[in-house]
Amino acid sequence: MFSSQVIKSWARRLWAVAGAVNIRAKILGIVLGLVILLGVGLTVFVRQALHRAMHTELEVLAVSVASDLASRSTDLILVNNLYALYDLIQETRQNYPDIRYILILDKDQRPLLSTFGNALPAGLLEANLLAPGERYRLYAFNSPEGRILDAAVPIFDGRAGQMRVGFSEDSITRTVSLVTSQLLLATLLVSSIGILASIFLTWALTRPILSLAQAAQAVGRGDFTQRVERWADDEIGELSDSFNQMITDLQLAAEARRERERLRGELVERVISAQEDERKRIARDLHDQTSQALVSLIVQLKLVESARTKAERAQSIADLREQLRATLNDVRRMAYDLRPGVLDDLGLSQSIQWFAEQCRKNSGIQIHTLIDAACDRLPLHTATAIYRVAQEALSNVVKHSRAAHAWITLKNNDEGVELEIRDDGVGFETPSGAAPLEGLGLFGMQERIQLLGGRFEIQSEAGKGTIIRARVPCLPKEMES
Ligand SMILES: Nc1ncnc2c1ncn2[C@@H]1O[C@H](COP(=O)(O)OP(=O)(O)OP(=O)(O)O)[C@@H](O)[C@H]1O
Ligand SMILES: [Mg+2]
């Protein structure tokens, strides 16, 4: 538990250092670290293995040279031919340059003959004495001339003495040092190649990443003209492509948003001017029709007052009633035109029926309605939006579709209310994807529905009629509370 926390805190510290340096330093550090670790490890391992193998080989050589010398010198020792013995050891020394000395002991372990002359190095004699019955004995020691391996073998099973040969270990040291320096040189060479490769690798890696970062900053400032070059056909190339695609999508989305905002502005202007027009129309109607009618009623009243006969008065009163009825109708029609007052009076289903009837009368298109009466219980804002959408869609059918039939369906179910207006007219090319709607009528419908969190769909194709569908998630009025 404690140790894992310590490891974690060390790992965090290490990452704080490693994470702070740039990618080039990271890759360079990793490559160099690995190459050096491998080179040094390999060198140490090879050094040890080589030293062990060469030492074993030297031991075998020393024993075999000493044994050979012992067997060849047996007779010479037995006949005490020291002169020939001396020649033999000199000849052997010449054949093996690594031999540092040869020492022959008699059977009482006293020096008989050696390459040292009279002065035997102190302690050498006792250093490697054979025990009785021993076949050979090896002893390594340090001398002023370097490390020496001393091999002792019995002569004539020890009855004629002992043969001692001292081999220098210099050649082993030399060979091991040579191999070590060659390995270190190779490590240096591989490290240099590693550095060059890492520099190239980091260049190839960081260049596209830096250009991606620059492009991202430009996009952040709203500049969508930037594109990233595809450097290679690999993962970074794919990333560049996806990035470019993302900029294109963002650009399209920004354009679509600007267009929507423009259309919304236009819609607001249009709503305001429509309100103004409506007010002017009402003022005009009040002035031209209602005021005129009231004036003529006053005139008519005067006629009643001035009527001389009973029959004349009755006639004037009848005219007056007729005129009052006409005026009342005018006022009612004006009130009727002030929609959605019609919604309050008739409810949503009747209002749509009424509007469909008006359209049918004006255009001759057969309009079939299938309206769920439960829709009359919808909240007023939803009912108003649905009514306005039905009005605009039906007006479009009348204005543009050249259809023979149109169908209005209004359903209310668990998911909400769904309005569909379908016609069998000429249809039109609908805008695709995220492109904004061009006409204000269609845009206004979409806006109304989306403001209520609903979905608006247009399905149309030239020659195949049009379907407008609006779904608004909502509950009937009673259920809402
Ligand atoms: N039912 C339909 N049949 C055929 N074309 C249609 C239909 N509805 C809409 N369109 C086409 O879509 C266009 C856009 O309609 P939209 O209601 O947005 O604008 P508008 O009716 O031309 O003008 P506005 O509604 O602003 O008075 C229309 O000009 C028409 O070409
Ligand atoms: Mg329209």
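Which helix does Arg 207 lie in? Select Arg 207 and you will find yourself in helix H5; helices here are DSSP runs of H or I of at least four residues, strands are E runs of at least two, and both are numbered from the N terminus.

Before going on, a word on what is on your screen. This is a predicted model, in which local features need pLDDT of at least 70, side-chain atom pairs count only at pLDDT 80 or more, and totals for chains, interfaces and linings use all residues. Residues are numbered from 1 along each chain as its sequence is written, chains are lettered from A and ligands numbered from 1 in the order in which they are written, and side-chain values use heavy atoms, with hydrogens and water left out.

**Stop 1**

Leaving out residues up to four places away in sequence, Arg 207 touches Thr 202 and Trp 231, where contact means heavy atoms within 4.5 Å.

**Stop 2: helix H2 and its partners**

Show H2 together with H5 (residues 170–220); their axes come within 8 Å and cross at roughly 165°. Axes are lines fitted to C-alpha atoms, for helices over the stretch in contact, and angles run from 0 to 180 degrees between N-to-C directions. H2 and H5 are therefore roughly antiparallel (under 35 degrees counts as roughly parallel, over 145 as roughly antiparallel, 65 to 115 as roughly perpendicular and the rest as oblique). By class, their contact has 23 nonpolar, 13 polar and two charged residues. Ala, Val, Leu, Ile, Met, Phe, Trp, Tyr, Cys and Pro count as nonpolar, Asp, Glu, Lys and Arg as charged, and the others, Gly among them, as polar.

To see the contact, select residues including Val 65, Leu 69 and Leu 76 of H2 and Leu 85, Leu 88 and Ile 89 of H3. The residues of this contact divide into eight nonpolar, two polar and two charged.

**Stop 3: helices H6 and H11**

How are H6 and H11 oriented to each other? H6 (residues 235–306) and H11 (residues 440–451) pack at about 95°, with axes 10 Å apart, so they are roughly perpendicular. Among the residues that meet are Arg 260, Arg 264 and Glu 266 in H6 and Phe 443 and Glu 447 in H11. This contact has four nonpolar, three polar and five charged residues.

**Stop 4: Asp 150**

Is Asp 150 buried or exposed? Select this residue in strand S4 (residues 146–155): Asp 150 is buried, with a relative accessible area of 0%. A polar contact of 2.9 Å joins its side chain to that of Arg 164; such a contact is a pair of N or O atoms within 3.5 Å, where within protein one must be able to donate a hydrogen and the other to accept it, and residues adjacent in sequence count only if both atoms are side-chain atoms.

**Stop 5: two loops**

Most residues other than glycine have a negative phi. Asp 157, in the loop between S4 and S5 (161–168), has a positive phi of about 55° and is exposed at 65% relative accessibility. Finish at Arg 402, in the loop between H10 (380–401) and S7 (405–413), which has a positive phi of about 55° and is exposed at 71%.

Terms used
Buried < 20%, exposed > 50% of the residue type's maximum accessible area, 1.4 Å probe, protein only.
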